[in-house]
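Notebook, opened with the structure beside me.

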Amino acid sequence: MMIQKSNASEGGVLYLVPTPIGNFDDMTYRAVEVLKSVEYIYAEDTRVTKVLLSHFQIYTPLFSYHIFNEEEKAEEIINHLRAGKKLALVSDAGLPGISDPGFLVAKGAINSGFPVISLPGANAALTALIASGLPSDKFFFIGFLNSKASQRKKELLALADYPETLIFYEAPHRIKATLNAMFEVFKDRQAVIARELTKKYEEYIRGTLKELSELDREFKGEIVILVEGAKQTSIQSELNKLKLEEHFQYYLDRGLIEKEAMKQTAKDRGVSKSEVYKRLIKREATD
Ligand code: SAM
């Protein structure tokens, strides 16, 4: 077990600092203050971050870390922390570590006993979710799907019965193919394309996956796709078509303990727990 007290003023500290996802006015006061006060800033693409730093008149020395050298850079960052330095990590946009490098550095600093302080701020997924009109109480963030069609299809199939709103990041040149694949797997669920958030051409396109996949237009800029979760009633009716032991196994595979899996199976099928228990035992005995 580890307990972190984030108010330590002495010694090395790693700050994870959010940056805007398009609109510089979304930079927080605290982000500016931290970036000015630390000894070094590590950035994904120093050219991108230089523009931001110069806008906010931040003159802190800037170094690069990116997905290809994250492991090696994590070691360098931890050595700075050992030397008592305070550092900030930023990505090109939004929260570091969310479909961006940052995780290895944060993990390395934690394992070496340094405080890791995360500042809240801009993030494309959550910004899109709360204005999507899709349920925001429970959601599942996927980020980028695999770029290979066969892998992407497998990933989508694995999500087919998740009841939560699904959130994807996608590059504009793949959006047509991705929407088609989503329509194939999720059928005609509601979905939202949230494009160019916080920017001049911000746009939300809401409709069914069929409507979105049939849109005859080019998509440019940055895009979040949100898809309505599977309706519980349709999952339940699919599960009820399975053999009892397969139905029970479905819940075990999703991490439920036997007692809970039995309870859920009984609830779905409208029978008592003892009935499920008896039938499972009987089946075991005859096998
Ligand atoms: N770290 C970022 C965050 O916290 O949201 C995400 C970085 S990821 C490399 C970039 C992807 O995020 C884009 O391809 C797009 O899917 C999404 N994204 C970033 N900015 C966006 C914006 N302004 N509008 C819509 N989507 C955006």
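I looked up the domains of the protein chain and noted domain 1 (13-118), domain 2 (124-227) and domain 3 (234-281), with bounds that come from an automatic or database domain assignment. Before going on I wrote down that this is a predicted model, in which local features need pLDDT of at least 70 and side-chain atom pairs count only at pLDDT 80 or more, while totals for chains, interfaces and linings use all residues. I also noted that residues are numbered from 1 along each chain as its sequence is written, and that side-chain values use heavy atoms, with hydrogens and water left out.

Next I turned to domain 1 and domain 2, whose C-alpha centres lie 29 Å apart. I found 6 residues of domain 1 in contact with 9 residues of domain 2, where contact means heavy atoms within 4.5 Å. The two domains bury about 550 Å² between them, with 62% of that area on carbon and sulfur atoms; buried area is the accessible area (1.4 Å probe) that two parts lose on being put together, summed over both. On the side of domain 1, I21, I98 and S99 supply 74% of the area buried against domain 2, more than any other three residues.

I then checked for polar links, and across this interface the rule finds 1 residue pair in polar contact, both at pLDDT 80 or more.

Last, I looked at the ligand: which residues come nearest to it? Of the 19 residues around the ligand (a heavy atom within 4 Å), they are D100, N123, Y169, L197 and I223. An N or O atom in the side chain of Y169 is 2.7 Å from an oxygen atom of the ligand, and a backbone N or O atom of L197 lies 2.9 Å from a ligand nitrogen atom.

Notes:
A polar contact is a pair of N or O atoms within 3.5 Å; within protein, one must be able to donate a hydrogen and the other to accept it, and residues adjacent in sequence count only if both atoms are side-chain atoms.
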